[in-house]
Amino acid sequence: MLYDTIFVQIQGMPQARLPDINTAYVKYRVGAIHALKSKQYNVMHGCLISINALLPAEYQVVVSTAEYNVLAKVDITYHCNNCEVDITKEDIEVFDLIPNGMESLLHGGKANKVWSCIKCNKLNRLVSTSISQTILQNPTFLGIVPESPSRTNGLMDRMKFNIEIERWGWNLLGELEFKMGKFRDDNWKRGDNDDLSSRIDFSLDDKES
Ligand SMILES: [Zn+2]
């Protein structure tokens with residue numbers, strides 16, 4: 001369904017626009033990389049945002065710290081051995097269970113670390129709980145980046161800011177490359193576009209790294 005929508009919209013795009021988009025993309029990309037290397041971060045930011053603006057809405061990278069944080073969040077879950085449900089760490093409270101007389105005899109009187117499952121209310125011993133961690137694979141193209149870091153009244157020193165904004169710039173550029181590649185694949189590699197493909201300048205594709 002989504003594919004149909006995209007296809008219809010692209011069909012509606014004048015074919016002559018496609019090489020124009022690519023030419024502008026190549027120009028802004030060279031500009032962005034040059035600005036990044038020469039630490040002209042405002043120029044870099046402008047070039048990257050311009051590349052994003054060139055792309056049709058379905059191919060644009062979303063720039064949103066809030067949405068990025070949701071996606072990039074590390075997810076830790078505890079598996080309940082009773083109801084077999086995975087419970088997120090935020091809902092887990094680990095506490096000491098003081099053993100009764102019989103357990104003291106069996107386990108030497110040491111307190112057990114346990115947590116209570118919010119689904120079935122049964123206690124699980126921490127030592128026999130399997131804990132899973134979901135972290136983003138790297139490199140991953142999420143289609144979402146956080147907003148660019150900004151220097152705030154000298155609180156963030158220049159060195160730290162430079163590292164963060166460079167990382168942000170390369171990250172957004174990578175995301176844009178991925179989207180641009182997809183945009184090209186979806187539009188310029190169809191059999192009937194051969195003449196168009198030959199007019200597109202791909203010469204920079206393998207040079208920058
Ligand atoms: Zn449970």
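The paragraphs below turn to the nonpolar cores and then to the sheet.

The model is a predicted one. Its largest nonpolar core contains 18 residues. Within this core, the members that touch the most other members are Ala32, Met44, Cys47, Leu48, Ile51, Leu172 and Leu176. Three helices, α2 (17–37), α3 (41–54) and α6 (158–188), each contribute at least two residues to the core. Helix α6 provides the largest share, namely 6 residues.

When residues up to four places away in sequence are not counted, Cys47 touches Tyr28, Gly31, Ala32 and Ala35. A further core, of 5 residues, lies apart from the largest one. Its members include Tyr78, Cys80, Ile87 and Cys117.

Attention may now pass to the strands. An open sheet is formed by 3 strands, arranged in the order β4-β5-β6 with antiparallel pairing. Why is one side of β4 and of β6 left without a neighbour in the sheet? Both β4 (94–97) and β6 (123–125) stand at the edges and have a single partner strand each, so one side of each lacks a neighbour there. From one strand to the next, the twist averages 45 degrees.

Note on methods: Residues numbered from 1 in each chain as written. Predicted model: local features only at pLDDT ≥ 70, side-chain atom pairs only at ≥ 80, totals over all residues. Core = buried A, V, L, I, M, F, W, Y, C linked by C-beta atoms within 7 Å. Buried ≥ 20, exposed ≤ 12 C-beta atoms within 10 Å, placed from the backbone. Helix = DSSP H or I, 4+ residues; strand = E, 2+ residues; numbered from the N terminus. Contact = placed C-beta atoms within 7 Å. Pairing = 2+ DSSP bridges. Axes fitted to C-alpha atoms, helices over the stretch in contact; angles between N-to-C directions.
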